[in-house]
Structures are given as structure tokens and as C-alpha cells.
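Colleague: Please put the sequence and the structure on the screen, and then let us go through them slowly, one question at a time.

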Amino acid sequence: MTTTGKVTGIVSNLVTVQTDGPVSENELCHIRLDGTDLLAEVIKVNADKAQVQVFESTRGLHPGDKVEFLGKMLEASLGPGLLSSVYDGLQNDLSSMEGVFLRRGEYTDPLDHEKLWDFRPIAKPGDTVKASDWLGEVTEGWLPHKIMVPFSFNGEYTVRSVSPEGSYRIDDTIAVLNDAEGNEVKVTMVQKWPVKVAVKGYREKPRPSRIMETGVRVIDSFDPIAEGGTGFIPGPFGCGKTVLQHAIAKQGEADVIVMAACGERANEVVEIFTEFPELIDPHTGRKLMERTTIICNTSNMPVAAREASVYTAMTICEYYRAMGLRCLLLADSTSRWAQALREMSNRMEELPGADAFPVDLSAIISNFYARAGMVVLPNGKTGAVTFIGTVSPAGGNLKEPVTESTKKAARCFYALEQNRADQKRYPAVNPIDSYSKYLEYPEIVEYLDEKIEPGWVEKINKAKNFVRKGKEMAEQINILGDDGVPMSYHEAYWKSELIDFAFLQQDAFDAIDCLCPMERQKYMLNLILDICDRSFKFEDFEKCREFFKNIINLMRQMNYSEFNSDNFNRYRDEISKTIEQNGN
């Protein structure tokens, strides 16, 4: 029997409902308003009263309006056609809506039910299967999209029949299964899954054992993120978070990209819509949008939809991970998601935590980040979800609750610094404050030793020490003046500047410098460390400055040159010649 109720209180998009039967948290309901059904989600139950957050504007809603509970949670529709699509947090297809705005109470279907897909069977009659096992596949873009036993199925099933190779719609039956009691169950290409429940369907979830290359030197070499790992990018406005995310999305070693704009300003979302689809995938030469899904909620949309967007995005990633694909989820910005949680918590008059955020903010963020990871599927294949979120702390304060809570959950921390951005040192990632805890994993160290060269992590730590020492020397020079410190201080400072200008800084808009493979990074860093390991003898700080500026100019020219032995040997010879001319 369907539970119903009526509205008894309204505070913005928080509505109190008097129910006439049992309801549960996260259950969906429809609120009837002027012939339109507004979708809402139960977030708190107290006896016969339920507090629900409405995914729409509640303008015109009155006490006494009827409510009908649906007996299900917010679900994502999963099937062929997700890639190249643009959705809101409720998975409404924004490209199919009429007009500029999505009308209140209007919900569009996320998938095309008329398009034909070329299906190829994988399973055979008589096979024993369970949830997430592959029954067949279609080609989505150029990626193999597996048609799976729905995640909601429990226990083992026997394949009775599988459709032969041919063209089918997503609602056509492509397999018939028998459950343990012999009942017939039909399977189509589309399935639904509640977004706030992590998708299982895998055999184990081991620790990450390899890095995800992004082509960004300050990430790949200094603080690499693991494939299936987690990281976040905090920083003030204007420090280059969006450009860095675009670079990671375009160049990262991932099969599927999901962008979640969870509460960004409308102009920044428009930038994603206009620029992101034009990006070219350097791995295939095709449009990056062909393997990308965008989930969009602007800051002026209801806070409930803002919260839903990150969960919908993660569920789509988990779906593709179950196909044995590598997925990259980029959320911009999780601060807006946390602000949505704060608004709802305050409206419910819950006990506030730091800065009025919910007291369980850290647990909510940790649970969400825990859904990322590399998994081993039942058939032995592996899939991964790598999650990188951005945080927009007010005033660039990295001690505020969202940043601190995210630090506890994420394994990589890329701190964007206002001072570096003002000096046009991009990416503006602070190499000293940032870190990657994956460098502590023996599996990752072993992978880097094998993939790049033995002792690679020791070399990275050595370079970081040069940068750290150079910063200390710069502070002393600023206090005491150029003539007030020993020459060794100037030498240490310029060695750190060499690493900064020649290695850490990177041009995201140059066709060559934007993408730096690990082989090239190894060559560059070894050359730089070879220079930094030398002990120079300068007569005065002016000659020290001139010498290192010449080396930096040569190294910068290398950054814009094709990576081949002729080019790089020529620059290496010029650098050696410069060193000899200075008598070192």
C-alpha cells in the first residue's frame, strides 16, 4: 500500500510532511502542486513526520498539499548512451529539454530508447551468472560497453537464452535468466541503481598498484596519483583549478571521464559546456566529449540537486568500472556540495559543527571518497575509479572545515597558491605543501622503479629538498639583502628556481609542453639534478644569477621542443658549454 501524506511546514526547499504510514530515509516522494509533481527526498524521519528536501523550487507550495511516497530511492538509469551526454543532478538530459530552462516538475529521460545498438553476445545458454557479470556488449563511441546482469540481482542465475548478434533497442530483451527457483527473468540493456548506495559487483578491492599518468609534471613526478586513487585541489578563485582539471581530463590515462559541476557559478558551467566539448583527446585524436559525461548543477539551482549531482556522477563511474574500464571523476567544486549540506542541516536545526557545517561532514566526505578505487571483477579483469575533487575555500583559507575534512579522506593534496598564480607560475601547485601518500605504498614505489628507473622516488625527494632549501634561502635573502648572505645561499636559491621554472611550470596551452610523458620527465629531471648536484664557485651573486638564468632559458626552450635525441642532445651540449664557460 502506498504511503501518502500532506505538507505541514515549509522552509525554502525543506518541507515537513505528516505521513499516514511508514516511510524511510532517502525514500523519494512526489508533492502535488498545481497539477505538477515535484520530486523530493526524505532526509529525516521522526515518528509520523518526515522532513524532505525538494529538488525543485517550492514557490507556491502551501500546507495541506498532498504528498505521495514512491517506495524507492533516487536512482540512476544505466545503459548505452551515457557518454557524450549532459545531465543535471537528477539525470535529466539537458540537451533534450525544450527552451533555455528546465521547467519545474519536468523530468526528461536520460537515455535514447529508440536508438539501435549493435549487440554481440558474451554469455552462453547454461552459464551460471550473478550481478555485474557480462552478458554481451555494444560499442559506445569506440569503447566496449558491457551489458551486465543488473546490480540489483541477488544470488546465482542460469542463462536460459541470449539474443543473437544484431541491432536492438535498450528496452529489448537481450537475455533470459532463470533464478534459483526456476523463475524466468528478462534482462534488457538498461538497469537502475540507487545513487547513494555504492555499487558492489566486484571480487575484491586491493590497494592501488600503479599511477595514473596525467602529463602534468608537478603531479606525475612530484606527487603522483594512483589509478583508482583519490585527490583534491584546494585553492582560491583564479588560481587555475579549472584549467588544471581540463588538463587532467584531457591527458589522464582513463577510458571514461565524468565531470560533475556541483554548484559552480553559471558562467563557469557555460565555460565547461563551450570549451570541454572542443577539447581533442591526445590519445585518440577524437573529440574528448565522445568518452565524457557531464553532470551539471549551477549554484542558483536547489541545494538538494547540487548534492545529488556528485552521487549520480559517482554511480555512473562505478557502472563503467564494472565493465573493466578506467574512469576519472572530476568534481568542481565539492565546497558547494558541502555548503548544500550545511544549508539543509541548518534548516533542520541540527547541532552545528565548525563554521556551522554538519558535525558529520567529515564522515560524509570520507564515505563518498571511499567509493573510488581499483577493483578486481569476478572474471579477473580490473576496473578503476579515480576521483579528484576541487575545493574553493573562502579567502583561500586551507584550514577551513571542508578542506580539513577532505584532507583526511583524500590521499593526494594539490595546494594551489595565490602567490604562485600572481607570479604566473602555472600550474600554481605549491610543491612543498602538496603531497601524495601513494609514494609511501611499496606497490607504487616498485611500479615507479620498474616503469621509470630504479630509485625514482629518492630522486623526487631529492628535488623536493632542493626546492624546500631554496625557499628557506629566499627568505633569508629577502631579510638580509643580496650582500648580507653567503654565496651558497644564492646558489641554493637559484637551484630551486631552476627546478621550478624548468620542471614544475608547464604551459597548458602549448601543443608540446602541455603533455609531458614520463620518459620525457625522467630525462628532464635527471638533467636538472645533474646540474643541481654540482658545486659551483661564483665570484658574486650577479654572476650566479646570470648563469642560472641562461640555464633556465635553455631548459625552457627544451620544454617547447619535440622530444627526440637530436633536439635534446643539442640542448644538453649547450648547457654543458654554458657550465664550462663559467669555469665550473
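**Strands and their partners**

Colleague: Which residue stands opposite serine 161 in S15?

Modeller: Helices (H or I, at least four residues) and strands (E, at least two) are DSSP runs that are numbered from the N terminus, and two strands pair if DSSP finds at least two bridges between them. Strand S13 (residues 157-162) and strand S15 (residues 175-178) are joined by four bridges in the antiparallel sense. The residue of S15 that stands opposite serine 161 is valine 176.

Colleague: What kind of model is this, and which pLDDT do local features need?

Modeller: Residues are numbered from 1 along each chain as its sequence is written, and side-chain values use heavy atoms, with hydrogens and water left out. The model is predicted, with totals for chains, interfaces and linings using all residues, side-chain atom pairs counting only at pLDDT 80 or more, and local features needing a pLDDT of at least 70.

Colleague: Which residue takes a positive phi in the hairpin of S11 and S12?

Modeller: S11 and strand S12 (residues 143-148) pair in the antiparallel sense over six bridges, and the bridge partner of glutamate 140 in S12 is leucine 143. The hairpin has two residues between its strands, and the residue with a positive phi, near 70°, is glycine 141.

**Aromatic rings**

Colleague: How many residues apart in sequence are the parts tied together by tyrosine 311 and tryptophan 337?

Modeller: Rings of Phe, Tyr and Trp (its six-membered ring) pair if their centres lie within 6.5 Å, and planes under 30 degrees apart count as stacked, over 60 as edge-to-face and the rest as tilted. By this rule there are 24 aromatic pairs. In one of them, tyrosine 311 and tryptophan 337 lie edge-to-face, 6.0 Å centre to centre with 90° between the planes. Tyrosine 311 belongs to helix H4 (residues 303-321) and tryptophan 337 to helix H5 (residues 334-347), so the parts that the pair ties together are apart in sequence by 26 residues.

Colleague: Is tryptophan 337 buried or exposed?

Modeller: Buried means under 20% relative accessible area, exposed over 50%, and partly exposed in between (1.4 Å probe, protein chains only). Tyrosine 311, at 10% relative accessibility, counts as buried. Tryptophan 337 has a relative accessibility of 1%, and therefore it counts as buried.

**Helix H12**

Colleague: How far apart are the end C-alpha atoms of H12?

Modeller: The expected span of a helix is 1.5 Å times one less than its number of residues. The 15 residues of H12 should therefore span 21 Å, which agrees with the distance between its end C-alpha atoms, 21 Å.

Colleague: Which helices do the buried residues of H12 pack against?

Modeller: H12 is mostly covered, with twelve of its 15 residues buried, among them Met518, Tyr523 and Cys532. If contact is taken as heavy atoms within 4.5 Å, the helices that these buried residues pack against are H1 (217-222), H10 (456-480), H11 (487-504), H13 and H14 (565-581).
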